Amino acid sequence: MTEIWDGLTKAVQLLISLDPAVMEVAGRSLTISATACLLASLICIPLGSLIHFHHFRGKRVLINIIQTLFSVPTVLVGLFLLVLLSRSGPLGELRLLFTPTAMVIGQMILITPLLLGLTISALSGVSKEIADTATSLGASGSQAIRLVLKEARYAVLAAVMLGFARAISEVGCALMVGGNIRGATRVITTVISLEAGKGNLELAIALGMILLLLALIINIVLNRLQQR
Amino acid sequence: MSLIEVVDLSHSYGEREILKGLNLGIDKGEAFALIGPTGAGKTTLLRIMDLLEVPGAGEIYFDGKHVPRSGKQRLEIRRRMSFIHQKPQVFNLSVYDNVACGLRWRGEKRNRIANKVDHILEMVGLEGYRNRDARTLSGGEAQRVALARALVLEPEVLLLDEPTANLDPISTAKIEQLISNVARQQNTTMIMATHDMSQGQQLSDRIGVLLDGRLVQTGNATDIFRSPTNEAVAHFVGMENILEGVVVENNEGIALVNIDGYIIQAVSGYPVGKEVYACIRPEDITLLIPDGGQQTTVKSSARNSFQSEVTRVTTLGPLSRVEIDCGFRLIALVTRISAEELNLQAGKEVYATFKATGVHIIEKGSGQ
Ligand SMILES: Nc1ncnc2c1ncn2[C@@H]1O[C@H](COP(=O)(O)OP(=O)(O)O)[C@@H](O)[C@H]1O
Ligand SMILES: [Mg+2]
């Protein structure tokens, strides 16, 4: 019990003093996950719109697959990427394994189904008559799509926030393709899981608190968005 | 020459044929009303004319040019029209941005957009609502935004789908006022769908009756209301008395029609032996009270006069609907005040009279 209490007080001290080690890891987590989320959004929002606005065979099936992949295990993505990026793997030449880039790619893959699926459902939430009305008022195809995206902006933003939350809180993939290398690929979740194992509780708890704080902020913003 | 011409137009949803070989030409500057009951295909026809939908079969000509079934030209033509859909869909933007959308899509300059939008908001009486979130507006206000959004584009053709359905009477009056101003002032061609006949009559120069996917009659309001070409149109335009009979005599344009043994005189050229419907508008029937039995026939210029008994009186606002039995059943519409003055009630004896010109004869089995 005292161990935990000690850990807690020291963790608060680390946070208040803006400890460089804590800040470095937290900063890297934010950068990697934000980058992954931004890049994935740039791909998924247009791609999701394309899927939503076009009729093709197997559309229903595709959407079902995407939704199934919402909860793909992070270690599975890690494994897939590890095989792909390892020295002897097909993309081994790029020498990306155990770099932040590999972690960004891993998180992008991880949240792509979520972002795609939620973009599609955000767009489905906009009545079809909105697109018709826009078309009647002289919007071209792409202008009408942009208007519908604008109508769904709060739901799309919520999707992006959820993607970010999933990215920053995952550990399996980050550990497998990042490797938890000090000064290079250590992020909040990998530090927590490894340091706690070594009995280094204060650092783990401090980082855990930051993660909780982020979750709280994201939740508040999401609530605000859903009220719109 | 027609601005919009629709030729042999048919359209189906799945197995169901919704529009069945329509031909229609709308002249430049004309105000045309498409009337018909719900489900007749009015919305479908408007959507096809606005090039939102590609018809299953048939051609459309706009301003003399054939409209292709796909391609960029459709957008160019569509941009010369505005379509106000039945349920006003305001965008989740400010009132100003809602109205500015169409101009932005056409690449108009910013300050020109501002001028036009402000001008049109004033015209529809929404100048104080510029920055309001459009989704917080009432139904009537939202419909005015929809109207402003369409009018700001100065369209050559304005398509309106049931513009006042689901609106309260005051909002309806405002919208009708705005529409009739537009139809009169600007040289806009207007095509309006409505299931409300009197609205169609009020706001248009010409009416087309769409029944079950077919354009069964077009003409001016008087033609349609006085002389429907078939039984279905007669029903739809409120001819409540449609009596089946046979022409038994024709004296120089005055036909005698036998209805269940009773003879009605009507202005009609149909020859003896023709099976017909005699249609009488309920407001064209006058009810008189026989005065104390001294008089056996009621003096009146009306050729048709029948002794009858009131079976039922229903009040409809300022009017009373009187069902009477004169051997055959008739329905008359009189003002509530005169119904009270005549003390009309079930069992009361009255004379039902109507002129020969008030009877419209339709050949049985004409049209569908
Ligand atoms: N997208 C659609 N899919 C299937 N049926 C439709 C569709 N749109 C309209 N219909 C059917 O077509 C018929 C005519 O509809 P509509 O054109 O809306 O008539 P109106 O506007 O005169 O009420 C209706 O029976 C309606 O159910
Ligand atoms: Mg309709």
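Let's start in chain B, where B:Lys116 and B:Glu108 form a salt bridge, 3.1 Å from N to O. By salt bridge I mean a side-chain nitrogen of Lys or Arg within 4 Å of a carboxyl oxygen of Asp or Glu. B:Lys116 is buried at 17% relative accessible area. B:Glu108 is partly exposed at 24%. The cut-offs: buried is under 20% relative accessible area, exposed is over 50%, and partly exposed is in between, with a 1.4 Å probe and protein chains only.

A word on the source. This is a predicted model, where local features need pLDDT of at least 70 and side-chain atom pairs count only at pLDDT 80 or more, while totals for chains, interfaces and linings use all residues. Residues are numbered from 1 along each chain as its sequence is written, chains are lettered from A and ligands numbered from 1 in the order in which they are written, and side-chain values use heavy atoms, without hydrogens or water.

Over all chains there are 25 salt bridges. Staying in chain B, B:Arg80 pairs with B:Asp63, with the closest N and O atoms 2.8 Å apart. B:Arg80 sits in the loop between helix 2 (72–78) and strand 6 (81–84), and B:Asp63 in the loop between strand 4 (57–62) and strand 5 (65–66), so the pair ties together parts 17 residues apart in sequence. Helices (H or I, at least four residues) and strands (E, at least two) are DSSP runs, numbered from the N terminus.

Now chain A. A:Lys128 and A:Asp132 form a salt bridge at 3.5 Å, N to O. They are 4 residues apart in helix 6 (residues 128–136), which means about one helical turn. A:Lys128 is exposed, at 60% relative accessibility. A:Asp132 is buried, at 12%.

Which residues lie nearest the centre of the largest pocket? A:Phe53, A:Lys128, A:Ala131, A:Asp132 and A:Thr135, out of 25 lining residues. A pocket here is an open set of points on a 1 Å grid over the protein atoms alone, where a 1.4 Å probe fits, with protein on both sides within 12 Å along at least five of seven lines; lining residues have an atom within 4 Å of a point. The volume of the largest pocket is about 640 Å³.

The second largest pocket holds about 250 Å³. Its lining has 16 residues, with A:Val126, A:Glu151, A:Ala152, B:Asn92 and B:Arg135 nearest the centre. Helix 8 of chain A gives the most to that lining, 3 residues.

Notes: Points joined across faces, edges and corners; volume = space filled by probe spheres on them.
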